[in-house]
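Work through the exercises below with the sequence and the 3D view open. Try each task before reading its solution.

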Amino acid sequence: MNQKERIIALSNAFGPSGLEDEVVEIVKKDLPSSYEAKEDTLRNLYLFPHQKKKEGYTILLDAHSDEVGFIVQSILSNGTIRFLPLGGWDPVNVAGSAVEILGEQGKVSGIVAAKPVHFMSEEEKKKPIDLDSMRIDVGTSSKEETLSLGIDVGCFIVPATKCLYNEQLEIFQGKAFDCRIGCAALLQTLHEIDQESFLGNAIGVLSAQEEVGDRGSECVARTIRADVAICFEGCPADDSFESPDCIQTAMKKGVMLRAYDRSMITHPGFQKFALNCAKENNIPYQVAVRKGGGTNGGVYHLHNIPTIVLGIPTRFAHNGTCFCAYQDYRNAVDLAKAIIQSLSPEILSSF
Ligand SMILES: [Zn+2]
């Protein structure tokens with residue numbers, strides 16, 4: 001699989017929080033020859049080098065494998081489905097979208113239905129829309145008919161979006177780039193790093209359940225004693241609506257290094273080292289200070305692990321369809337490689 005094919009496959013994979021299986025399977029089939037994979041019960045997938053360097057320190061590379069989705073809560077007598085969100089959705093972006101439900105007999109397509117405009121009163125038209133009032137319609141007319149499709153309480157749901165690559169613009173349009181573009185960058189970094197060029201051990205982890213509260217990374221932090229962590233993210237880009245003077249994260253402006261968000265104030269020493277690596281290697285980058293948001297970095301740094309976040313700007317990150325650029329993905333891979341190959345025990349001890 002080449003890099004673009006891998007990004008498309010990862011974007012298309014069905015992997016809401018708690019059911020990251022398809023993502024895990026894709027990565028297990030595409031491991032660098034020098035790596036082996038192990039899973040834990042939370043569905044975290046660890047990528048360990050075959051040959052562990054005895055004296056080496058540990059560099060943890062993280063990207064979360066889950067995507068925002070939904071879960072079936074109940075099936076109503078008219079056949080429609082009541083659901084709960086997995087992760088942060090803006091209801092405005094949910095209504096009307098096509099979804100896929102993974103049932104006993106495979107995937108079933110449906111539509112998220114809010115009350116159609118034809119049947120709304122003038123009062124209803126003015127009210128903000130909420131997820132509670134929405135149902136998923138799979139085209140059936142009774143509860144029995146919906147059950148007969150293999151759908152039941154507890155089934156997982158994701159947007160029905162097929163990933164496209166625009167050759168002219170060199171951008172991907174698909175779902176779940178938060179954080180599948182990060183998963184792709186992590187895997188490519190492990191494929192490209194020269195194991196002989198640094199002393200440490202680079203361990204990858206595709207962490208589960210980030211979108212419901214960083215649960216996978218919490219388990220990883222207790223399992224792997226890392227000396228530093230690099231978190232890849234498909235991070236929200238604000239360039240298509242923010243005023244030009246205030247843009248924090250723009251598509252095609254390079255890898256984003258998060259300096260501040262609600263979950264972490266990034267380690268100044270490690271951040272400076274990473275920025276210098278970008279400068280020395282002429283890798284385009286941008287630094288973001290975000291009012292909201294959070295990443296798995298928030299977990300790792302509280303386990304006493306100096307952590308940075310390398311973000312690949314993603315427009316409309318928690319929508320059913322989003323954009324990201326191939327060049328930003330490449331900048332993230334190149335910077336991760338430069339950092340890994342420049343770290344040393346002396347530098348680590350200075351953090
Ligand atoms: Zn994310």
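The model is predicted, so local features need pLDDT of at least 70 and side-chain atom pairs count only at pLDDT 80 or more, while totals for chains, interfaces and linings use all residues. Residues are numbered from 1 along each chain as its sequence is written, and side-chain values use heavy atoms, with hydrogens and water left out.

**Exercise 1.** Find which residues coordinate the zinc ion, and classify the arrangement.

Solution. 
- Step 1: Look for donors, meaning N, O and S atoms within 2.8 Å of the metal (3.2 Å for Na, K and Ca); water is not among the atoms, so sites may look incomplete.
- Step 2: The angles between the 4 donor atoms run from 53 to 146 degrees, so the arrangement is irregular.
- Step 3: Along the sequence, the spacing of the donor residues is H-x113-D-x54-E. His64 belongs to strand β3 (residues 58-64) and Glu233 to strand β13 (residues 228-237), so this pair ties together parts 169 residues apart in sequence. Strands here are DSSP runs of E, at least two residues long, and helices are runs of H or I, at least four long, numbered from the N terminus.

**Exercise 2.** Are His64 and Glu233 buried or exposed?

Solution. 
- Step 1: Buried means under 20% relative accessible area, exposed over 50%, and partly exposed in between (1.4 Å probe, protein chains only).
- Step 2: Both His64 and Glu233 are buried.

**Exercise 3.** Describe the surroundings of Ile230 in the largest nonpolar core.

Solution. 
- Step 1: A nonpolar core is a set of buried Ala, Val, Leu, Ile, Met, Phe, Trp, Tyr and Cys residues joined through side-chain atoms within 4.5 Å.
- Step 2: The largest one has 58 residues, and Ile230 is among those with the most contacts inside it.
- Step 3: Contact means heavy atoms within 4.5 Å. Not counting residues up to four places away in sequence, Ile230 touches residues including Ile59, Phe270 and Leu310.

**Exercise 4.** Where does Ser11 lie, and what does it touch?

Solution. 
- Step 1: Ser11 is in helix α1 (residues 3-12).
- Step 2: Its relative accessible area is 0%, so Ser11 is buried.
- Step 3: Beyond neighbours within four places in sequence, the contacts of Ser11 include Cys163, Lys175 and Arg180.

How values were computed
Tetrahedral: all angles 85-135°; square planar, octahedral: opposite > 155°, others 65-115°.
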